Amino acid sequence: MSLWLRFGPLLLALATALPAQAAERPVSFSRDIKPILASKCYACHGPDEQNRKADLRLDTADGAHESGVIEPGKPDASELIARVTSQDPDEQMPPSDSKKPPLTAEELALLKRWIAAGAKYDAHWSYVPPVRTAPPVIETEKWRDWARNPIDAFILAQQLEHQLHPAADAERRTLIRRLTFDLTGLPPSETEVAAFLADESPDAYERLVDRLLRSPHLGERLAVMWLDAVRFADTGGYHSDNHRDVSPYRDWVIRAFNENMPFDQFTLEQLAGDLFPLATNDQKIASGYNRLLMTTEEGGAQAKEYTAKYLGDRVRNVSSVWLGATLGCAECHDHKFDPYTAKDFYSMGAFFADVQEKAVGRQDQTSVPTNEQLARLSAIDQRIAALNKALDEPSAELDAAQAKWEEATLAKLTSSSNAWMVVKPSEVTSANQQTLTVQDDQSVLASGENPAKDTYTITLPAALDKITGLRLEALRHESLANQGLSRANGNFVLTEVSVALVNSSGAQSQPVKLKSAVADFSQDTYPIAHAIDGKNNTGWAVAGHQQPADHVAAFTFEKPVSGGGEARLVVKLAHDSQFPQHNIGRFRLALTGQDQPSLTTPDGLPVELANILQTPAAQRSAAAAHKLQQHFRRVASETAATREEVAQLEQEKKTITDQASTLITMSGSPRTVRILPRGNWLDDTGEIVAPAIPAFLGKLETGERRASRLDLAQWLVARENPLTARVFVNRLWKIMYGHGLARSLEDYGTQGSYPSHPELLDWLAVEFMESDWNVRHLLKLMAMSHTYQQASTTSLAVRAKDPANDWLARQDAYRLDGEFVRDNALAISGLLVRNVGGPSVKPYQPAGYWQFLNFPRRTYANDHGENLYRRGLYTYWQRSFLNPSLVAFDVPSREECTNERPRSNTPLQALVLLNDPTFVEAARVFAGRMIQQGGTDAPQRLDYAFQRAVGRPATPGEIQVLTALVAKHRAAYTADPASAQQLVAEGESQPPENVDVSELAAWTSVARVILNLHETVTRN
Amino acid sequence: MFRPTQLPGDALTRRMFLGRSACGIGATALATSLASTFTSAARAASEPSTRRGVVHPLHFAPKAKRVIFMTMAGGMSHLETFDYKSKLAEMNGQPMPESFTKGQPIAQLQNAKLTCFAPQHPFKKYGESGQNIAQIFPHLGEVADELCIINSLKTEAINHDPAHTFMNAGTTLSGRPSMGSWLWYGLGCESENLPGFVVLTSNGKFGQGQPIASRQWHSGFLPGEFQGVQFRSQGEPVYYVRRPSGVSAAQQQDVIESIAALNRQHDEAIHDPEIATRIAQYEMAFRMQTSVPELVDLAQEPAHVLDMYGTQGGDGSFAANCLLARRLAERGVRFIQLYHRDWDHHGGVKAQIAGTAGEVDQAAAALIKDLKQRDLLKDTLLVFGTEFGRTPMAQGNGRDHHIKGFSCWLAGGGVKPGLTYGATDELGYNVTENLVHVHDLHATMLQLMGIDHERLTYRFQGRDFKLTDVAGHVVQPLLA
């Protein structure tokens, strides 16, 4: 239960009455004076010691008062006032060469009033932990009942103080559209609007809020805000801007918001999920936060320079995202306006010195399945095991089929001229006194002393008329090391194979040249070709020490040789490598007369199985018989269905494993971090620093232990941290009300804007922390406020009085974020595919847009099917060339933290909405819907269309304009069906078949108009 | 023709009330003045923010009204172009003295043996001014008396990507506005039909094609309106400027007029100034659908002009882009940036740079001549620059990246012609005379356009940002 709900009435009872309207609001140093001093004076008389002039500092009370330039209570006797009003170029402040304009009359008046009142300093508002003040009690009769929760009390009090009052309540149809956009980034469907309008129960709105807060699209909407801040993208950013897999992190963010993960946990897992004891894969994925920065692969980039760049990047990001601080300004010198020092900058960077990465080059990825993926993988494995087991169950039916198969295959094997014939050696010798024994299966087994090197000489009767190749099987044996292939360690290195022919008369011997060799497997850098390259320091090996398995190689003669009679082949197998005793332990030789000797056998039967098959059934060992059965059951048509399922499951497993590959944080020995004088990475003279939080904000108590990212994260979300909660609730406020309570979302320091409602911001920050950082609770509090539910329209007088809407005497109206402009058009048309998560997708993009990418050159190929219609946030984020239709709508490339996007209004946006195939296709699909579901006449269809697009019926004026348009274009397209056909063919989805093409084209024009309307792309 | 609306201008938008101020007007003061404008003339026409510019009046009488910035991307060797070093020729093959290189940043030559590498092309004195220019630029030689060569540039980043960003935005950090956006923001745009900042890119045959990120023409923290727009001399000239297939010009006009009519109806009901802006932007979009194809259609150019540049158009070449640059300049575009991407000559610099120079020489010279004959050179500032130079040391038979001294030239509005300014040492390594930092170049460019670089500021993250950051001095000797 929320604290407000728990304590709300009590708080209201304790609330202090608002003082009678003060004639003149007392001057506040933080609110009124500091911004003036900071922008006009601090550059030379502020915190930056190195650049301080005249040894005067005005940013601290001590500095200002002791210097004597301020006489508290006596503005006219204060040097400060004399200087800022002086006309003398040698005296005046700010000096003319600073290019800072003189103080305005209003600023001067404030300064004088402040000195007159005693020139009191107070600490900068955001550096003091927030305290909950009681919401004001409204005594104005007319508005006494307006407030629905404390937010409203704070807002209303300020409105009244500024001679404003709340706007009317928004229409309910506006309210559901606004709320659905704010909480999901999507428009409500026309049925959702109708249901809400029809629901007259008093809690209808609250139930709507609750429904949307549990929508799977809430996480997507909040992720758009968060991913901008943490600079999430699919590519490295610098120079070649190559791909890396990070979508699991994006999906983690969406999931965390959807599960309403408390924000403190959300923080800990991103900064330090990898450091949790027994970190889950999800936590490791979350720690990918530390890897989202831009990285380079550029040739010639110096590791040391980029290590410094990455440190700066991380400091800028973490301080901006959580603290709203511009700590990045302290990279070269102490901060000019805020009490951050260069040492603070590098000490903050030192927290991340343990993050393992490549300074220059492609970053290593790790496979980290999510909990969901792990569960699925485990289910797949179980199913595959069950299916495989089923394949091995006794079955008379299958055994009968096998008998038939064996008969047929054996016939092929023996009748084929392609067959390899295993040949029993007539003589086997070892150059170094090993005992080589021919076994029953015609293989040769080595025993006795195992010499460092050895060469085997094997004589084979050459009975075939024509011999084209030699096959060598290396076979495991229990007497060999590691149950492998040699007595050394299970591996062998065969350095050379040579063959000689002793002719049919048995007298002459001549070498047989080997043309080529193939093997079923070769160890890295030990290819089979090395066994016939004439060099004794290279050879063929098969990793028998690591993966003991039988292996086979085939050697093709340059020319066929003639056998028959007394002809014999003398084969030499040399083991001359530097690896001692790597002599083959057991082998078998075979010959063939096939034209192109290869390792394949009829039906792709493995050599080993061909051998088993050629052994009479009665003589087969049980193991051999089982192998043959296993093989048969994995090729038999009778088991095809089962095998197909296994294959699909294997494919799914691979897809999941590939998708699970991502960048996570791996902690290692921390790099040394020094203060870089003036930010110069070549300068090693600076002091070495340990991880530490900015000194003026406190000190981590870790004793002798080096502070970690986890310590940093815990400090960020500690109750006494003055910034984190304010910064985050202000982000949420902007989502719900269009702008922050503190306007400058990127700076809460002295140069940032003073909050319009500091007590409210603090109240919300405390509420947030005390609700255990409950994001959903805060959103609900805001959504339920009366302030939120005001209309966004107002009188010209109110607009003139409060043009920026500081006092929230109306809701804001503004253009949707770029991704939502897209989502909205797709949703209105019905094309939108609402799948949550997964790898990034490639929607349409103009041809040639990637032509300036290089290393390597790339061509963009859009996806097909569902992936063309996914939400904008899943678009492939190519940092150096983000999809131009998003860029046109101010979507950032995410190279740096973006706390607030501009909301521009440009001709390029018009061109996108008019001409981008995504929007043209959406218009055509929308038109098809109007025709098929919107009724029969134009006014009906237009009503339907406006309900879908903007949640209201069409006005007579709109009907007039669009009816004329559709009539005109219907006539034109009827006369020119070829053009109509071209228009409706836009995009990869198929137009409906039973709709007249000219009619569809004409209504597509109408749909294009509606999708382009200001109202359609506006949240109001 | 398109029917003008009752609100042709970009009426004041709420965004402008947010207290983000330029040229030092206090936030409150700006908001007040705009608010009063708004109340007194709420529905009155006003100039669009993208046309007017924020610097009123200009800080100085401007010498130039527009800039054509030719970027030789990849790092143009100063030693084969504008900065001849006879001593380097003498020392060819000898070790590079350690006194030059010790402790200096270095790119691909890390841990390599450093030897001197002679200039690979002969130079010649051109024109009455006797400018010393490599003979691979015969056409530029013809206009040598118009050029103001700077041989003492220095930058801060040694890899392409950050160095490009530094040359364009005065910082290696992302998210800052490029110089074209700054100038558009400061000065506005004279064209009603075209954006104020246009980018054109071409490839060559003699290099490896530098990647160039769209960040190079981004408006950063400035309002998105001031983002550079990529034009292409091949294919669709501006992304999304083509009508959908099957939609005629008249039908597209019907659609846009219907959008405008409905937006006006909506505005009458709710009075949101943002709607007037949107209506104006649709008008601009509509005009662009005509003006852009017209602009890129070089068939209108007479044969002798095409011959002068050395292009028939439509080929995506640097030459075609130079001709387009002239057409853009004539139409009032404020900042035109051309990229040629093939100057990264790590190997085979002799043949490669001759090839690349051949791809730009004639057209760059033609641009000067053409502007001059149209009397546009006097108020058009041309810059022919690069992100850094190349090492006096060999990298095989090429050169590595070098940031301590390199060259560019300026020409046109307000620039002293026939001048060679600044110098590097006898081996072309360090600047020894009249150092011009990239910030100084920016300050000088702004000065020529009538702007004090310290007074064109934008408040972001609590700080007044400038193109020149906290540095930069106007290089007075370069000014005519």
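**Domains.** I began with the domains of chain A, which is divided into domain 1 (1-18 + 125-169 + 724-812), domain 2 (29-121), domain 3 (420-600) and domain 4 (915-1019); the bounds come from an automatic or database domain assignment. I noted that this is a predicted model, in which local features need pLDDT of at least 70 and side-chain atom pairs pLDDT 80 or more, while totals for chains, interfaces and linings use all residues. Residues are numbered from 1 along each chain as its sequence is written, and chains are lettered from A in the order in which they are written.

**Domains 1 and 2.** I found the C-alpha centres of domain 1 and domain 2 of chain A 32 Å apart. Four residues of domain 1 of chain A contact six of domain 2 of chain A (contact: C-beta atoms, placed from the backbone, within 7 Å). On the domain 1 side I recorded two nonpolar, two polar and no charged residues (nonpolar: Ala, Val, Leu, Ile, Met, Phe, Trp, Tyr, Cys, Pro; charged: Asp, Glu, Lys, Arg; polar: the others, Gly among them).

**Helices 15 and 16.** I then looked up helix 15 (residues 303-323) and helix 16 (residues 342-350) of chain A, whose axes come within 9 Å and cross at roughly 95° (helices are DSSP runs of H or I, at least four residues, numbered from the N terminus; axes are lines fitted to C-alpha atoms over the stretch in contact, with angles from 0 to 180 degrees between N-to-C directions). The two helices of chain A are therefore roughly perpendicular (65 to 115 degrees). L311(A), R314(A), V315(A) and S319(A) of helix 15 meet F345(A), M348(A) and G349(A) of helix 16.

**Chains A and B.** Lastly, I noted that 84 residues from chain A and 79 residues from chain B form the contact.

Note on methods. Contact = placed C-beta atoms within 7 Å. Parallel < 35°, antiparallel > 145°, perpendicular 65-115°, else oblique.
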